[in-house]
Amino acid sequence: MDIAQQKYQSIEQELQSVANKQKAIAMANYMRNQFEFLGVQTPTRKQIMRDFYKIERKQGIDWTFIDACYQSPYREMHYVALDYLKALEKFLRYEDIPHLRLLAEQNTWWDTIDQLDLLIGNIGLNDERVNDLMLEWSQDSNFWIRRIAIDHQLTRKEQTNTELLEQIIINNFGSKEFFINKAIGWSLRDYSKTNPNWVRQFIEQYHEQLSTLSIREASKYL
């Protein structure tokens, strides 16, 4: 058994030791029963993992461990992989994005996609190649990949590239997909906290092309 598999098994055993069947049922129901849960809630999971991440930060990213977590039937192990990437985010580079995309295409739902978009977005703060890649992703056949492109600039505030944001949203006009139109609204709503005038003008300019859902979400703080 290799080191990555040993780490994986040790962590799963720790989570298994605090599993709660009733919570597992509730958590699975919340996610429309698409995934199996142990019933370990986020604060407990992060407390268990805290020391592990401290050690791993000294060693760099172990992609074999991440892949092992993502192959688990338990949703909490997918969260462990993403928490691990967040903890070791300083090691992530543009060259890692294809691997992050592979994660986005596995065990896919909004809860994991909405962590991957920020990881990729933060890479983009230091590497402008991400801009062109997100434009490409904004027209992908997989709507979850498009969602990452739409929301990858969340929380950037003054560092938001508005030209990029505008074009990515335009590329998704006419979508009937709930998760796309919600993402458009969220991206605009988040930026409205920094530049409400830009968002207000954007909504006015593209009012006919934006979905009702997108406009409602985008206008929350206006």
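Lys54 has a relative accessibility of 46% and therefore counts as partly exposed; buried means under 20% relative accessible area, exposed means over 50%, and partly exposed lies in between (1.4 Å probe, protein chains only). Lys54 is part of helix H3, residues 42–56. Helices here are DSSP runs of H or I with at least four residues, strands are runs of E with at least two, and both are numbered from the N terminus.

The model is predicted: local features need pLDDT of at least 70, side-chain atom pairs count only at pLDDT 80 or more, and totals for chains, interfaces and linings use all residues. Residues are numbered from 1 along each chain as its sequence is written, and side-chain values use heavy atoms, with hydrogens and water left out.

**The whole chain**

The protein chain has 13 helices and zero strands. Its C-alpha trace spans about 55 × 40 × 30 Å along the principal axes. A compact globule of 222 residues would have a radius of gyration near 17 Å, and the chain agrees with this at 19 Å. The radius is taken over C-alpha atoms, and the globule rule is 2.2 Å times the number of residues to the power 0.38. Of the 222 residues, 53% count as buried.

**Salt bridges**

The structure holds twelve salt bridges. A salt bridge is a side-chain nitrogen of Lys or Arg within 4 Å of a carboxyl oxygen of Asp or Glu.

| Pair | N to O distance |
|---|---|
| Arg45 and Asp83 | 2.8 Å |
| Asp140 and Arg101 | 3.0 Å |
| Asp114 and Arg147 | 2.9 Å |

The side chains of Arg45 and Asp83 meet in a salt bridge. This pair links distant parts of the chain, with Arg45 in helix H3 and Asp83 in helix H5 (residues 75–87), 38 residues apart. Arg45 is buried at a relative accessible area of 4%, and Asp83 is buried at 10%.

Asp140 forms a salt bridge with Arg101. Asp140 lies in the loop between helix H8 (129–137) and H9, and Arg101 lies in helix H6, 39 residues apart. Both Asp140 and Arg101 are buried.

Lys7, Glu56 and Asp62 are linked in a network of salt bridges.

**Two loop residues**

Most residues other than glycine have a negative phi. Asn33 is not a glycine, yet has a positive phi of about 55 degrees. Asn33 sits in the loop between helix H2 (21–30) and H3, and is exposed, with a relative accessible area of 53%. Asn107 also is not a glycine and has a positive phi, of about 45 degrees. The loop that holds Asn107 runs between helix H6 (97–104) and helix H7 (110–124). Asn107 counts as partly exposed at 26% relative accessibility.
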